[in-house]
Amino acid sequence: MSNKRPPSPEGTLIISKRSRTDGSGEEQQMVVASAGEGKGALVQGVKRTSGLQAPIMCLTGHQGEILDLKFDPSGSTLASSSTDKLVYLWRVYGDCANYGVLKGSKGAVTAIEWSQEGGMGGTSDKIFASTASNQMLLFSPVTGELVRRYRSHRGILNSLSLSPVAPNLVATGSDDCTVRIHSPNEAAEIDKIDIGHPVTAVEWLGGAGSEIAIGGVDNDIHIYDLRKKAVLYSLRGHQDTITSLRLSPNKSFLLSSSSDSLVKIWDIKPFVPVLNPIDPVLPPRLYRILGWAPAGFENWLRQVSWSNPSYGHNGKTFVAVGSADRSVTIWDSESGEIKFKLPGHRGTVIATDFSPREPIIASGGVDKLIYLGEIDVR
C-alpha cells in the first residue's frame, strides 16, 4: 500500500492536487495550511521537479527493516528488499501501488539488482537477490516467479553486483570469506575468489569487465582482476568495515561508505599521479572525503548511491547515503558540498537509490518505510 507522509496533529500542511504553471511553464503546487490559526491560507508555491503524484510519497507494506531498494532501468518501477524475506515491486508514479511480491527466500533479502539487459531506459525481466540463507535468487518481475536458486556460498550473502560488460554475470560477496561469480544458466559458480575475511561489499567495475572492487571487515577496498587472478591494488583510508561500494556513472570513480561514518570517492582510472594532487599526505587515489554520516552502533550495511547526470539532474552528479540520525545526506560529488539533508525516517536509513529518469531519490530503513522524494537540482 502507499500513501503520502502522515500529517502531524497541529499545523498540518497538505499539498493540494491542483496544479498551476508559472511564466516559464513549469508546474507548481500550492501548499495551504489545513489546521491551526492559518487554516486555508496560502503558504507557498512549491515548484515541482518530477512526475511524482506529490513531492514526497510514503510507501508502506514491509514487515521488516528495508535492507535495499533499486529503481529499474526505466525508472518507472522500484524494487525493495527486507528482513521479512520478501521483495516488493512498486509503481513509481500515480499512487505508487505495490503491484507485486516476490517470495521464496528462506532468509532476509540483503541486496537486489535489476538486470540491465534492456539498457538504460529499457525494461528488465530479471531481478537478482542475495539472501541471509546463503543463497542467491533469480526472480522474474514479469511473472513473479522464483526462477532459480544458487547455493554455492556457505555463509550469509551481503552484497551482489552485475557486470556492466556481460549483464549475465553476477558477483556475490559473503560471510564465508569468498566472492563468487555466477552465470544465470549455471547452477554452480564459474569462478571463486578467496579473500580471507568476510566480504560485505562487491562492485563490478567498468573497462574490460574483469575487475571487481571488494570491501570487507579489514576496512580496505581491494581491486581484483579476474583474468590475472590477483589484487591489482588496494584503497586504504577507511577505519572500519566497508558497508557498500558503487561505481560512478562515467565509470571513473568508486563511491564507498563505511562503519567509520565516512563516505569517500576514489579515482579508479587506469593511471593516477604518484602523489595525491589535493594533499600529498592522502592516498594517491583518494579523490574526495565527503563528510560525516553517522553509522550508529547497529552496524547496518548502509547503501550509497550516485545520481545519473543524463536523466534530469541538470548535468550535476550527486551521491547519497542514509545514516543513524534518521536522515539522508546528499552531496554534490564535485564540490563536496552538502546539497540536501532529508529528514522523515524514524530510525537508521539503510538504503538509498536515485531514479535514472528524474530527480527522485528513494530511501528505506529500520522504520520499515520507503520514501520517494523529488529534489530541486537547479
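Buried means under 20% relative accessible area, exposed over 50%, and partly exposed in between, with a 1.4 Å probe and protein chains only. By that rule, 54% of the 378 residues in this predicted model count as buried.

Before you click around: residues are numbered from 1 along each chain as its sequence is written, and side-chain values use heavy atoms, with hydrogens and water left out. Because this is a predicted model, local features need pLDDT of at least 70 and side-chain atom pairs count only at pLDDT 80 or more, while totals for chains, interfaces and linings use all residues.

**Stop 1: the whole chain.** Switch to cartoon view and you'll find 32 strands and 0 helices (DSSP runs numbered from the N terminus: E, at least two residues, for strands; H or I, at least four, for helices).

**Stop 2: C58.** Select C58, in strand β5 (residues 56–59). Is C58 buried or exposed? It's buried, with a relative accessible area of 2%.

**Stop 3: the lining of the largest cavity.** Select S159, L160, V202, R246 and Q303, the closest to the cavity's centre of the 16 residues that line it. (On a 1 Å grid over the protein atoms alone, a cavity is a set of points where a 1.4 Å probe fits but cannot get out; lining residues have an atom within 4 Å of a point.) Next, colour β6 (66–71), β10 (109–114), β14 (157–162), β18 (199–204) and β22 (242–247), which each supply at least two lining residues.

Key. 1 Å grid on protein atoms, 1.4 Å probe; cavity = no way out; pocket = protein on both sides within 12 Å on 5 of 7 lines; lining within 4 Å.
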